[in-house]
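Please look at the sequence and structure first.

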Amino acid sequence: MTDPTTRRTVRLTVAQALVTYLSRQYSVADGERRRLIPAALGIFGHGNVAGLGQALDQLSDELPFVQGRNEQALVHIATAYAKASTRHATLAVTASIGPGALNMITGAGLATVNRLPVLLLPGDTYATRHQGPVLQQLQHPIEADTSVNDAFRPVSRFFDRITRPEQLLTALPAAMRALTDVDTGAVVVSLPQDIQSHAYDYPAEFFAERDWPIRRPAADADEVAAVARLLAEAEKPLIIAGGGVVYSGATEELEALADAAGIPVAETFAGKGAVQRRAWWQLGGIGLEGTPAVNTLAREADFVLTVGSRLTDFSTASQSIFQNPDVRFAAVNVNVHDVSRLGATGIVADAKRALAALTEAVRANGTTTSPAWQDKARALHETWWTQRAAALDPDTPFDLSAEPADSDVVRDTDAVLTQGQLIGLLQEQAQDGDTIIAAAGGPPGDLQKVWDATEGRRAHLEFGFSCMGYELPAAIGVRFAIPDPARRVLSLLGDGTFLMAPTELVTAAQEKLPLTIVIPENHGYQVIHRLQMLRNGREFGNEFRYREGGLQLAETGDTKPARLEGDYLKVDLVQTATGLGARAIRATTAAEVRTALADTRDHAGPVVLVVPVIPHADLPGSGVWWDVAPAEVSEQESVAQLRREYEEGLTSQRWYG
């Protein structure tokens with residue numbers, strides 16, 4: 001037994017011990033060992049500069065530091081890095097106390113909802129309390145130990161507050177376990193600003209290199225057999241591939257199962273690109289932004305196998321998409337809560353191992369679908385592929401005259417391309433190894449519907465939280481994870497999202513990161529405008545328009561305030577991007593877009609391509625319903641009619657168990 005009086009110790013501050021410890025942690029998956037947290041990002045304030053700031057400076061060779069502009073964006077960078085690293089690595093993010101810490105809350109929620117690991121190190125108010133109330137301190141009237149950092153608790157997978165230096169000895173291993181767990185998310189270690197600088201004699205062995213395995217839970221044979229029986233009994237089966245297929249690296253196993261049993265495969269947003277091989281059973285997106293072909297098959301399916309997905313309302317069309325009265329469900333998931341959704345028969349296991357076992361059982365049973373089901377899938381997909389090609393064709397001018405009389409497509413801007421045609425141009429240019437990113441507004445839905453993410457073309461769609469402001473910093477995170485400049489990292493985001501959070505362009509320029517940011521300029525929050533028209537019948541507050549005469553907030557009088565119904569705002573996105581350090585180009589025609597994409601592919605820094613697109617010219621619909629309720633009482637007859645249609649749609653919702 002070791003004599004504790006002779007144990008070797010190292011005297012470090014809490015911050016120095018934290019940084020040293022993080023620099024020596026590794027993940028191990030499938031025999032690959034890599035740094036679990038290879039860098040830190042942050043913005044310094046009085047709550048972290050003297051503690052963590054000093055430690056990161058002193059130990060910058062062990063843990064490089066990236067300076068950012070917005071704390072929320074820095075969390076998005078780290079989360080996107082984790083997603084692009086298939087959850088085998090992440091980054092640490094530090095912020096000062098008060099508003100700096102709270103700016104990370106949205107990013108924490110995104111990471112946790114998407115089951116993506118990120119380590120957050122917010123500063124906190126003094127633990128000693130001699131100084132209080134200190135700058136930016138929340139004074140709760142009945143909970144004296146509460147700080148703003150307690151707001152992290154509901155959006156984190158793990159939370160701890162360090163009030164004594166020796167607490168790191170148990171807190172940090174627990175944090176690493178959460179980061180490498182199958183049910184991961186935001187991990188928060190809250191650091192009071194005084195404690196960061198306190199010293200302690202830490203055991204030297206605490207700082208030895210440590211490996212953390214990314215586990216692959218094996219499939220239970222009985223669970224596999226139960227799902228195999230259901231599959232053998234099915235006449236019209238369908239597979240839905242989620243993000244778990246991608247994170248598990250189970251693409252080949254999924255393709256083998258689809259091939260062996262002749263089962264059509266649909267993909268969720270997170271599962272986009274789960275199938276890489278072009279085959280008749282590779283059909284694309286499902287649900288609200290899926291393809292009409294997939295959704296037609298889903299309505300008829302009598303057996304649905306979900307792999308690595310929690311099936312949000314976009315995928316299930318608010319529980320209305322599966323209309324076969326005899327439909328049964330099975331699921332593969334490492335998360336015991338997600339595996340039982342829709343009353344599914346579950347296989348609680350890693351997707352790669354479970355799919356391999358299920359394929360073996362299918363081959364042993366000789367299970368395969370009928371030629372009729374396969375032929376239907378082929379025919380539906382071919383019809384959709386023709387529609388898709390027409391919608392993406394950038395060389396056939398959009399025919400405004402063919403629009404119905406009541407169409408709200410805007411005819412008087414300088415745009416000649418639709419957003420679909422712009423995506424068609426991006427698809428032309430996409431190469432093996434390229435990544436396209438989207439998160440909020442119209443781009444992720446359009447990409448889910450029409451983007452071909454096979455043959456090495458990656459799709460990085462964040463739609464668990466659908467967070468505006470993710471897309472640009474996510475490009476930085478993906479580029480950190482995929483440093484090869486020959487592999488293009490492209491982010492597609494609307495002008496509304498760009499105007500909300502453009503500042504990490506400065507970070508990309510500072511780090512000389514080759515990124516391509518494509519902005520379809522359509523003058524507003526147009527995807528919500530579309531929903532608004534479908535549920536309210538008229539536009540209000542979603543387009544970027546001037547208020548004629550300005551807003552007068554009179555306390556009395558009968559004057560009605562002017563509405564936001566003037567001309568479109570004149571905002572120069574090219575000048576904005578140029579001023580933030582990017583090479584910026586405005587391209588209007590298909591030829592100009594092609595030239596800009598080709599000329600900037602090798603640019604050693606951020607590129608912003610602004611392309612005007614025709615407002616309200618949308619891709620073909622998906623043919624499914626979504627549960628967004630119009631007002632039950634309204635003076636507007638159009639709303640009353642839309643409410644009646646909505647209530648009719650409610651009858652399509654089902655409870656599956």
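In this predicted model, 42 residues line the largest cavity, and Arg87, Gly243, Gly244, Tyr247 and Gly308 lie nearest its centre. A cavity is a set of points, on a 1 Å grid over the protein atoms alone, where a 1.4 Å probe fits but cannot get out; lining residues have an atom within 4 Å of a point. The largest cavity holds about 730 Å³ of space. Grid points are joined across faces, edges and corners, and a volume is the space filled by probe spheres set on the points.

α8 (243–248), α11 (313–316) and β16 (328–333) each give at least two residues to this lining. α8 gives the most, with four residues. Helices (H or I, at least four residues) and strands (E, at least two) are DSSP runs, numbered from the N terminus.

The second largest cavity holds about 130 Å³. Its lining has 13 residues, with Leu426, Ala430, Asp434, Trp451 and Leu490 closest to its centre. α14 (419–429) and β18 (435–438) each supply at least two lining residues here.

Residues are numbered from 1 along each chain as its sequence is written. Local features need pLDDT of at least 70, side-chain atom pairs count only at pLDDT 80 or more, and totals for chains, interfaces and linings use all residues, while side-chain values use heavy atoms, with hydrogens and water left out.

Key:
On a 1 Å grid over the protein atoms alone, a cavity is a set of points where a 1.4 Å probe fits but cannot get out, and a pocket is an open set with protein on both sides within 12 Å along at least five of seven lines; lining residues have an atom within 4 Å of a point.
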